[in-house]
Amino acid sequence: MIEISIFAVLTAVGARLMVPVPFVPFTLQTLVCMLAGLLLGPKRGAASQALYMAMGLIGIPVFTSVAGPAAVLMPSFGYILGFIGCAWLSGCLRDMFFKKYGSVTRLQYFAAAMAGVAVVYLIGVAYLYVILNFWVKSGGATFFKVLSIGFFSTIAGDAAKAALAAVIARRLEAGGVFRN
């Protein structure tokens with residue numbers, strides 16, 4: 001329970017360390033949700049991100065902008081939903097690599113983290129498209145515009161965060177801090 005809470009709080013801290021960009025701010029949240037899955041495993045990692053989302057939805061100001069139930073209408077809320085899937089998939093792949101090979105290499109951690117980020121983008125971009133075209137009164141957005149806002153502008157940073165997550169996870173595992 002403590003580890004789940006710690007990663008939920010770290011995700012909230014990651015939301016505050018941001019570069020404001022229209023619609024989808026660049027934050028360290030994806031780094032934390034990747035690490036949650038890689039270090040805690042699929043169930044506890046996903047639980048930490050679900051706790052983070054619940055904290056924001058009940059009104060604790062942990063999101064980058066709006067707190068409370070109104071946060072569901074933020075263009076970036078789909079990414080928060082994706083954090084749960086990211087942690088779960090990253091953790092599942094980590095477990096799969098460990099069972100198959102007996103340990104997890106840095107490259108395997110990176111692959112697991114990138115697969116998790118793919119879930120964030122899959123859910124986040126789809127949600128962004130729906131919000132921009134059916135909720136926000138901005139005249140809508142083409143799918144390519146949504147991709148440029150919610151994917152192309154941030155994927156390089158998230159790939160770098162996945163590489164950092166792989167290094168951190170490997171070192172913490174090797175140091176005995178987190179065991180598979």
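This is a predicted model: local features need pLDDT of at least 70, side-chain atom pairs count only at pLDDT 80 or more; totals for chains, interfaces and linings use all residues.
1. Aromatic pairs in general. A pair of aromatic rings is described by the distance of the centres and the angle of the planes. When the whole structure is searched, 9 aromatic pairs are found, and two of them are taken up in the next points.

2. Tyr52 and Phe63. The rings of Tyr52 and Phe63 make an edge-to-face pair, with 5.4 Å from centre to centre and 75° between the planes. Because Tyr52 belongs to helix H3 (residues 42–57) while Phe63 sits in the loop between H3 and helix H4 (77–101), this pair ties together parts that are 11 residues apart in sequence. Both residues, Tyr52 and Phe63, are buried.

3. Phe77 and Tyr127. A tilted pair is formed by Phe77 and Tyr127, whose ring centres are 5.9 Å apart and whose planes stand at 55° to each other. Phe77 lies in helix H4 and Tyr127 in helix H5, so here the parts tied together are 50 residues apart in sequence. Phe77 is buried, and Tyr127 is buried as well.

4. The surroundings of Phe63. Leaving out residues up to four places away in sequence, Phe63 touches a list of residues that includes its ring partner Tyr52, together with Ala15, Arg16, Met53, Gly56 and Leu57. Also among the residues that Phe63 touches are Ala71, Met74, Phe77 and Ile80.

5. In soluble globular proteins, nonpolar side chains tend to be buried together. The largest nonpolar core of this model has 49 residues, and those with the most contacts inside it are Phe7, Tyr52, Phe63, Phe77 and Ile80. At least two residues of this core come from each of helix H1 (2–16), helix H2 (29–40), H3, H4, H5, helix H6 (143–152) and helix H7 (155–174). Which helix supplies the largest share of this core? That helix is H5, with 11 residues.

6. Met114 in helix H5. Met114 is a residue of helix H5, which covers residues 106–134. Is Met114 buried or partly exposed? Its relative accessibility is 24%, and therefore Met114 counts as partly exposed, since buried would require a value under 20%. Apart from its neighbours within four places in sequence, Met114 is in contact with Ile155, Asp158, Ala159 and Ala162. From Ile60, by contrast, Met114 is 54 residues apart in sequence and 29 Å apart in space, taken from C-alpha to C-alpha.

Notes
Residues are numbered from 1 along each chain as its sequence is written. Side-chain values use heavy atoms; hydrogens and water are left out. Helices (H or I, at least four residues) and strands (E, at least two) are DSSP runs, numbered from the N terminus. Buried means under 20% relative accessible area, exposed over 50%, partly exposed in between (1.4 Å probe, protein chains only). Contact means heavy atoms within 4.5 Å. Rings of Phe, Tyr and Trp (its six-membered ring) pair if their centres lie within 6.5 Å; planes under 30 degrees apart count as stacked, over 60 as edge-to-face and the rest as tilted. A nonpolar core is a set of buried Ala, Val, Leu, Ile, Met, Phe, Trp, Tyr and Cys residues joined through side-chain atoms within 4.5 Å.
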